[in-house]
Amino acid sequence: MSLRILLQLTAIAGLIAITNTAPALAHTGEGVAGGFVSGLQHPIFGLDHLVAMVAVGLWGAFLGAPAIWVLPLAFPLVMAAGAALAIFGLPVPAVEMGIAASALVLGLMVAMAARPPLWVAAGIVGLFAVFHGHAHGMELPESANPFAYAAGFVISAGLLHAAGIAFGLLTGSQLGRIAVRGMGAAIAIVGVAFLSGMA
Amino acid sequence: MIRLWVLLLIFALGLTQPCLAHSPIKGIGSFYNGLLHPLLVPSHALLIVSLGLLMGRRAPGRESQLGWPAFVLSVCGALLAGLWWGDALPEPLLIGIALCAASLVLFDWSSPWPVSVILATAAGISIGLNSSADLAGHTASRSWLTITGIAVGTVLWLTYVGGLATRSDRPWHGIAVRVAASWMMAISLIVLALWSVHG
């Protein structure tokens, strides 16, 4: 089957799916589904989380192998450790400031096309992963279904990394590199906005 | 031109509304409930995905050749045994098995084949006993239909995940499997932390 036909069939299937959906009339925040959706939304609807997750993917793509897969592998685990700290009631100082700083630092790393050794990059990303995990973990016990909530935010963070990596692959071309570095700069600006209290 | 007409016909068929009649087979709802049960219980879904990743990554070696049938036999046996026993195993046990399976995939540790077989057997027993425990209060006929659905569904979902994990057409397939394993590990760690604090 040619690629063109495959794309056409995919588009038709998508149209069929869209035209046959019924309105979702379920409550939100209840049960397994509600908990999972809440967890899924948490990194997405939190701009500070969102830009930092994308920046991790961007930076990984910029650094190339093996960072491009080491960072998405390590981040969820360190984030889980941060969440565990919150669950155990162990405080992490200046969590919100750390999250905002993650956007600034990671954005700058991408904007300046920084290429430190892998262990340095992993260390920076791991440090900020603790802050993000702690913030997610603070909301876990109050969620409708903590298990599903945890699954939601872990998967959501991973998918945001993948989105960043996908965009970061544009660095193959000269224009793509400019676009990626520009996005890094934009992320850094968002970080400044959060640090300064403007956002 | 013919292809375009075929595509338009498919699109037109897709615009039809679904028929909302009752199923003609009495009790079939119980079977479908059983089919979906492994996905709707978060700990079971986590365990199936983690084990599926392990089985897939070890394929076509002895670990998967023996692990898959070991899982099938153990889940079927445990479902039957659970109808009489009625007690569920502690959830942390399932999470712990998932954590072990996911860690083997993530870190790409080589292990003797009995390890994978033991994990598969333990997973099958855990899922089977805990699924049967959920059927307390059901009528006999409904229970039999449900556990049949659970057995079929559990094996199918494991096979699907394992089948996806065996793919190695592209270089990133293996990385994607390890990333998925890191997600399973992260979720497991968070849930174990939750359980240790809140019970």
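Is B:Val197 buried, partly exposed or exposed, and what is its relative accessibility? At 39% relative accessibility, B:Val197 counts as partly exposed; buried means under 20% relative accessible area, exposed over 50%, and partly exposed in between (1.4 Å probe, protein chains only).

This is a predicted model, in which local features need pLDDT of at least 70 and side-chain atom pairs count only at pLDDT 80 or more, while totals for chains, interfaces and linings use all residues. Residues are numbered from 1 along each chain as its sequence is written, chains are lettered from A and ligands numbered from 1 in the order in which they are written, and side-chain values use heavy atoms, with hydrogens and water left out.

1. Surface patch. B:Val197 lies in helix α8 (residues 171-198) of chain B; helices (H or I, at least four residues) and strands (E, at least two) are DSSP runs, numbered from the N terminus. Together with A:Phe88 and A:Leu90, B:Val197 forms a nonpolar patch on the surface, with about 260 Å² of accessible area. Patches are made of residues with over 30% relative accessible area and no salt bridge, like charges being joined within 9 Å and nonpolar side chains (Val, Leu, Ile, Met, Phe, Trp, Tyr) within 5 Å. Accessible areas come from the Shrake-Rupley method with a 1.4 Å probe, and for residues only the protein chains shown count as cover.

2. Salt bridge. Over all chains, a search of the whole structure finds one salt bridge, defined as a side-chain nitrogen of Lys or Arg within 4 Å of a carboxyl oxygen of Asp or Glu. The partners are B:Glu63 and B:Arg58, whose closest N and O atoms are 4.0 Å apart. B:Glu63 is buried at a relative accessible area of 15%, and B:Arg58 is buried at 12%.

3. Cysteines. Zero disulfides are present over all chains, a disulfide being a pair of cysteine sulfur atoms within 2.5 Å. B:Cys76 is partly exposed, with a relative accessible area of 31%, and B:Cys100 is partly exposed at 38%.

4. Helix α2 of chain A. The 15 residues of α2 (residues 31-45) should span 21 Å at 1.5 Å a residue, and the end C-alpha atoms are 20 Å apart, which agrees; the expected span is 1.5 Å times one less than the number of residues. The buried residues of α2(A) are A:Gly34, A:Gly35, A:Gly39, A:His42 and A:Pro43. Seen down the axis, these buried residues fall within an arc of 160 degrees, so they line one face of the helix; the arc is that of the directions from the helix axis to the C-beta atoms. On the other side of α2(A), A:Ala33 and A:Phe45 are exposed.

5. Helix α4 of chain A. Just after α4(A), A:Gly89 takes a positive phi of about 80 degrees.

6. Backbone points to check. Most residues other than glycine have a negative phi, and most peptide bonds are trans. The peptide bond from A:Ala65 to A:Pro66 is cis, with omega near 0 degrees, and A:Pro66 is in the loop between α3 (47-63) and α4 of chain A. A:Ala113, which is not a glycine, has a positive phi of about 55 degrees and is buried, with a relative accessible area of 17%. Phi of B:Asp108 is also positive, near 55 degrees; B:Asp108 is partly exposed, with a relative accessible area of 48%.
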